Amino acid sequence: MAITDIKAFAHLSAADIESLGHELDTIRRDVESSLGAKDAKYIRRTIAAQRIIEAAGRATLFASKKRWAWLTGTALLSVAKIIENMELGHNISHGQWDWMNDPEIHSTTWEWDMTGTSGQWKAAHNYSHHMYTNILDMDDDLGFGILRMTRDEEWKPINLVQPVANLFLAALFEWGIALHDLSAQKEQMGIPPTSFFPPRHVVNEPNKAFWRKAGKQAAKDFVIYPALTGPAWKSTLKANATANLIRNLWAYAVIFCGHFPDGAEKFTEEQFENETQGEWYLRQMLGSANFKAGPAMGFMSGNLSYQIEHHLFPDLPSNRYPEVSVKVRELCDKYDLPYTTGSLGKQYLLAFRTIHKLALPDQWLKRTSDDAPETSSERKFAGISLPSMPTWNGSEWLAEHSASDWLAEHQPHWGLDPETGERRGLRSAMQEAKVALKEKAAHEKQVLREAKATLQEKARTETALLTEKAQRGGWLSRKLRRNG
Amino acid sequence: MASKSGGFSVRGLREWLEAPVAEGGTAGRTPLDTLRGAAARITTPLLPDDYAHLINPLWSARELRGRIVEVRKETADAATLVIKPGWGFDFKFQPGQYIGIGVLVDGRWHWRSYSLTCPPDWSGDPQHKGKRLISIAVKAMPEGFLSSHIVSGVPAGTIVRLAAPQGGFVLPDPAPDKVLFVTAGSGITPVMAMLRTLDRRDTVPDVLHIHSARTPDDIMFGEELRELHERRPGFTAHLHLTGEQGKFALADLDEVCPDWRAREVWACGPLPMLDEIEKHWAAAGLADKLHVERFEIERNATAEGGTVTFAKAGRSAEVDGATTLLQAGEGAGVRMPFGCRMGICQTCVVTLTEGHTRDLRNGKEHRAGDKIQTCISVAAGDCTVEV
């Protein structure tokens, strides 16, 4: 079972988590109070640059019958769509730039260049996903309803097609998001999720908004712009479709690197029930993952390479995430918490591995949802004995006690290390657990090897015995035959 | 949205073409709407304005913009701003009305309202070479962050945001035969628009203007008042210097303006003065002859709670200083934009159109023109939100 008690999992006391929360609040306030003309200039210039690149791309495609023009135009259009989607649409709709009080750059008025409406996306993403981040059955972004991304979800035969479903999701990401947001909004409004080609009597507002927006988008990229380029309509159509595909693949990759690499934890509703603000912060921190990016890649990902920072402060301007990340890392060091990051390739491969692994039924998988690479829980630490903990039988004990009892019992073994004076928390525990698990595995291997050797020895003895018997038997039967 | 199946009509086509801008536009209709609508179909989800205003900020019809073309010092702490409005500005305002103006300070737009000081048909002025301009006058208030900023250094060329002229403190056309203006300090600004309008129309009736200022140097438009006084036989300016004579006493009214009971009155100035005037006229049974303008800057924003009006829903609710506007709206049966109440989702943001609210998280005050999150905002006095 995913994390039910974040305190026990993080090896932190309630007081520790509260003070961590206060320190994160301070980071937020520092950024908020220092927002000014420089930040405003950043977003204005980004908008201007995006518009110019898009206009240049569309203009170049008038000559798209020529190969160089097609390539240039498609590249420009792809870049424009990616910036519009990530750094502008996503972040502005989060309210990151609302502080400027500018109606033209505001979460209430911004409409993005995607199939889904900004309004439906805001309800599904800003609300459901950011509030219930990685909580099983509450955060619909966990696998977007079509992928099984954690062992906590029961395996169904349909999961076998996961590798193919994943490819479809990646290629048609904007449509996936749009439909996902549409159904989330219907659910919030209590509208039954009937087909999205509804008969007349079930035409409802969300459906209408969806088709209006999707229609406009499709008309623009696949009818109006190709038609405008006249004889080059075919190559323009291809260019527009390619640019959408490239944008979809990139957005998909960035988003999958944010929550699905190993180390991005999942949580249960029990954890959410009585969550404090500090625990909310902690859940966002442990539920997200970053990827390493320089300024250019950070920009192209809408600074979602800083997914941890984005989840802690979804409405702080994205251009501030790099500096915030330095402070968040310091906090992670101070509280001995993991800060999940890696190269884009590594993070994606980890997510990719999970997608393919979890297509298989559980009995083919080794770990459980308590200690799998993509999902772990506080019980992960209960089944193993660490040098700093007394030996005990975790699973039996946990059957009778709650995780917080366990925490209370073992608290003295964490906290500050008496030798180094440093805090010992989740990160150390994870490392120790890794070592302990390795030792356990080595030990088990050793036992197995010994057992195997014993068995082999036994088998050898038995074989020898049998051979002997057989020889004797052969002699006997020969003798009997002769006598008979 | 597309033309209905019931037959083809020019009007239907026009409406279809204009639909995209009708959805996003707030600045009112312009003759270019059809063209803009057609263009919006290829620039979706953006409007053509999103591109146009990159070239020239005034070419945005999504929201009114203006360019400051001149900043003229009036007194040591007051200045006149002459502004060239962009697309979609309605020049058919009435003298005495005010406009909303947004000024960018340190990355953030700040909204205030200031009275227009120009007559509506000002463009014919040879001084402006036929350009259609408007003007406002701003007096720096000691506690006024934005007014000080404007008076002490907004350069010509600055782009500002504008909201359409509004307000009921207006001079009818034709003006009444006998008029009395009572103003003090920057309260003269709306009256200045009225005087200039009368002057331009060559229809100055019997007008007496009592204006109070601390010293002669503090009188805004002093020179112009004097000149008008000399040139127009119907106009009498009575200047009262509070630095020497103290506050203008309404008891002296009989002496300065013996026929005040027969006059239609427009009064604008500090709150205590207006309160006194209201009492005085009410006591004389002449309340219907009195028109009063209270400047927003002086409205008391330290209040806790008040009456919240939900403009589109046409409902209102009395709330205390601890009830969020989201709760208040839901309590009053208004369909509020969905909110998560955690201060992170931004789905409950609405525009505050009148009054003040306070942000529960940091105590920050918001005023008309600001966008506020209803889930973390409480009323600070009476206010109106656009829901």
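**Close-up 1. Surroundings of B:Ser377 in a predicted model.** In this predicted model, a polar atom of the B:Ser377 side chain lies 2.8 Å from the backbone oxygen of B:Gln373. B:Ser377 belongs to strand E17 of chain B, which covers residues 377–385, and with a relative accessibility of 1% B:Ser377 counts as buried, because buried is the word for residues under 20%. When neighbours within four places in sequence are left aside, the residues in contact with B:Ser377 are B:Thr323, B:Thr324, B:Leu325, B:Thr357, B:Arg358 and B:Ile372.

**Close-up 2. The interface between chain A and chain B.** The contact is made by 43 residues from chain A and 36 residues from chain B, and the area buried between chain A and chain B is about 3,300 Å², with carbon and sulfur atoms giving 57% of that area. On the side of chain A, the residues that lose the most area to chain B are A:Arg51, A:Asn101 and A:Glu104, which together account for 22% of what that side buries. Between chain A and chain B there are 12 residue pairs in polar contact, counted where both residues have pLDDT of 80 or more, and 2 salt bridges are found across the interface. In a salt bridge between A:Asp102 and B:Arg65, the side chains meet with an N to O distance of 3.7 Å.

**Close-up 3. The side of chain A that touches chain B.** The elements that give two or more residues to this side of chain A are helix H3 (37–60), helix H5 (118–131), helix H8 (205–228) and helix H11 (277–287). The largest share, 8 residues, comes from H8 of chain A. By residue type, this side of chain A divides into 17 nonpolar, 12 polar and 14 charged residues.

Close-up 4. The side chains of A:Glu205 and A:Lys208 meet in a salt bridge, with N to O at 3.4 Å. The two residues, A:Lys208 and A:Glu205, stand 3 residues apart in helix H8 of chain A, so about one helical turn separates them. A:Lys208 is partly exposed at 40% relative accessibility, and A:Glu205 is likewise partly exposed, at 48%.

Close-up 5. A:Asp333 and A:Arg427 form a salt bridge through their side chains, at 3.1 Å from N to O. Because A:Asp333 lies in helix H14 (residues 321–334) and A:Arg427 in helix H18 (residues 426–483), the pair ties together parts of chain A that are 94 residues apart in sequence. A:Asp333 is partly exposed, with a relative accessible area of 48%, and A:Arg427 is also partly exposed, with 27%.

Close-up 6. In the salt bridge of B:Glu224 with B:Arg196, the closest N and O atoms are 2.7 Å apart. The pair links distant parts of the chain, with B:Glu224 in helix H6 (residues 222–231) of chain B and B:Arg196 in helix H5 (residues 188–200) of chain B, 28 residues apart. B:Glu224 is partly exposed, with a relative accessible area of 29%, whereas B:Arg196 counts as buried at 15% relative accessibility.

Conventions
Residues numbered from 1 in each chain as written. Chains lettered and ligands numbered in written order. Predicted model: local features only at pLDDT ≥ 70, side-chain atom pairs only at ≥ 80, totals over all residues. Heavy atoms only, no water. Helix = DSSP H or I, 4+ residues; strand = E, 2+ residues; numbered from the N terminus. Buried < 20%, exposed > 50% of the residue type's maximum accessible area, 1.4 Å probe, protein only. Polar contact = N/O pair within 3.5 Å; in protein donor to acceptor, adjacent residues only side chain to side chain. Contact = heavy atoms within 4.5 Å. Buried area = accessible area lost by both parts, 1.4 Å probe. Salt bridge = Lys/Arg side-chain N within 4 Å of Asp/Glu carboxyl O. Nonpolar A, V, L, I, M, F, W, Y, C, P; charged D, E, K, R; others polar.
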